[in-house]
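Please keep the sequence and the model in view while reading.

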Amino acid sequence: MTLDLIKKYTIKAKKSLWQNFLINDDILQSIADTFEIQGKNIIEVWPWYGALTEKLLEKNPLKLTLIELDREMVEILQNRINSWDFKNSEKICIKNIDVLKYFPEFKEYYFVIANIPYYITSPILRHFLYDLEKSPEKMLILMQKDVWDKIILWQDKNWKVKSSVLSLFVAKKCKAREIIFVWKQNFFPAPKVESSVILFERHNDFDFLDDKIFFDFIKKAFVEPRKKLINNLSKAGFDKDFVKNIFKQKNIDENIRPEYLNISSWCSLILDFNKNLT
């Protein structure tokens with residue numbers, strides 16, 4: 001079915017837009033079946049020619065907003081609507097816009113479903129998690145596996161949590177877990193790497209800490225991830241004795257590296273720093 005659409009519209013992937021089309025209908029269906037769509041506002045980012053779109057529409061969403069940058073793909077989507085290719089096509093709203101310039105107007109909960117390439121993964125996550133007045137309740141994102149490996153708060157051989165700037169800024173806003181592993185052979189053209197479908201579920205566990213304060217501190221703390229945290233903070237302008245005193249109060253090893261603190265410890269530490277500096 002998916003390959004038939006590619007042939008019908010003589011679609012060619014554009015390297016400039018990092019287009020690799022998921023052509024496995026079973027995986028597309030699994031993505032559409034991940035959470036309840038009926039009666040919900042859904043945003044699909046980069047739907048391209050609508051392979052997943054038609055499966056989402058079959059789930060009868062309240063509204064399906066398609067964010068597509070490629071003008072040629074927008075024309076194909078409009079052609080499919082006009083040809084009655086889609087069930088519930090009246091639910092569709094197409095926006096030919098850069099997703100980073102799109103600001104949803106939904107006052108109620110909405111979900112985001114997206115297939116995004118490596119170079120824009122972090123900006124899109126930050127946009128939906130931090131830039132919007134109302135973030136999505138859930139996001140289902142197909143991304144390169146190596147990006148997911150940087151997001152997940154994994155553990156080393158000694159069972160110590162290892163974090164990064166990317167994993168922490170995601171963890172502050174939501175829980176993330178892999179839903180589907182996708183082999184590269186399921187794409188056309190096949191990319192050089194494997195992919196994963198990741199479910200992001202919003203929480204407000206750390207909303208007590210201001211986002212800007214959090215970002216500014218984390219960036220300073222990770223300026224040299226392999227160096228001791230206390231040294232990074234000293235280079236950032238914090239008095240070393242002041243830092244040692246905070247560490248002692250929180251029972252943090254003075255030799256710890258920034259990657260060995262989890263999101264809860266980070267938010268608690270940053271809050272204490274901010275209180276003692278004001």
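The text below moves from the whole chain to its sheet, and then to selected side chains.

## The chain as a whole

The model is predicted. The protein chain contains 11 helices and 11 strands. Its C-alpha trace spans about 70 × 40 × 30 Å along the principal axes. Of the 278 residues in the protein chain, 48% are buried. Contacts between residues at least 6 apart in sequence can also be considered: 69% of these contacts join residues at least 24 apart.

## The sheet

Strands of a sheet pair through backbone hydrogen bonds, and the pairing may be parallel or antiparallel. Here, 7 strands form an open sheet with mixed pairing, and their order is β4-β3-β2-β5-β6-β11-β9. At its edges are β4 (92-95) and β9 (174-182), each of which pairs on one side only. From one strand to the next, the twist averages 20°.

| Strand | Partner strand | Bridges | Direction |
|---|---|---|---|
| β2 (residues 41-45) | β3 (residues 63-67) | 5 bridges | parallel |
| β2 (residues 41-45) | β5 (residues 110-115) | 5 bridges | parallel |
| β5 (residues 110-115) | β6 (residues 138-144) | 5 bridges | parallel |
| β6 (residues 138-144) | β11 (195-202) | 7 bridges | antiparallel |

Strand β2 is mostly covered, as 5 of its 5 residues are buried. In a regular strand, side chains alternate between the two faces of the sheet. In β2, N41, I43 and V45 point one way, while I42 and E44 point the other way, and all of them are buried.

Individual residues show how β2 is joined to its partners. V45 has I67 of β3 as its bridge partner. Between these two strands the chain passes through helix α3 (residues 51-57), and this β-α-β crossover from β2 to β3 is right-handed. Towards β5, the bridge partner of I43 is V112.

Which residue of β6 stands opposite I113? It is L140. L140 also stands opposite L199, a residue of β11. Strand β6 is largely enclosed by the rest of the structure, because 6 of its 7 residues are buried.

Helix α5 (residues 121-131) lies across β2, β5, β6, β9 and β11, and runs at about 175° to β6.

## Aromatic rings

A pair of aromatic rings is described by the distance between the centres and the angle between the planes. The count for this structure comes to 16 aromatic pairs. One of them is the pair of F106 and Y110, which is tilted, with 5.4 Å from centre to centre and 40° between the planes. Why does the pair count as tilted? An angle under 30 degrees would be stacked and one over 60 edge-to-face, so the 40° between the planes of F106 and Y110 makes the pair tilted. Both F106 and Y110 are buried.

Aromatic residues also form a cluster, made up of F217, F222, F238, F242, W266 and F273.

## Charges over rings

R126 lies over the face of F215, at 4.0 Å from the ring centre. K172 lies over the face of F214, at 5.6 Å from the ring centre.

Is K172 buried or exposed? Its relative accessible area is 0%, and buried means under 20%, so K172 is buried. K172 is found in the loop between α7 (165-171) and β9. Leaving aside residues up to four places away in sequence, K172 touches Y130, H203, F206, L209, D211, F214 and I263.

Definitions and conventions
Residues are numbered from 1 along each chain as its sequence is written. This is a predicted model: local features need pLDDT of at least 70, side-chain atom pairs count only at pLDDT 80 or more; totals for chains, interfaces and linings use all residues. Side-chain values use heavy atoms; hydrogens and water are left out. Buried means under 20% relative accessible area, exposed over 50%, partly exposed in between (1.4 Å probe, protein chains only). Helices (H or I, at least four residues) and strands (E, at least two) are DSSP runs, numbered from the N terminus. Two strands pair if DSSP finds at least two bridges between them. A crossover is right-handed if, with the strands pointing away from the viewer, the path from the first strand over the helix to the second runs clockwise. Rings of Phe, Tyr and Trp (its six-membered ring) pair if their centres lie within 6.5 Å; planes under 30 degrees apart count as stacked, over 60 as edge-to-face and the rest as tilted. A charge sits over a ring if NZ of Lys or CZ of Arg is within 6 Å of the ring centre and within 35 degrees of the ring normal. Axes are lines fitted to C-alpha atoms, for helices over the stretch in contact, and angles run from 0 to 180 degrees between N-to-C directions. Contact means heavy atoms within 4.5 Å.
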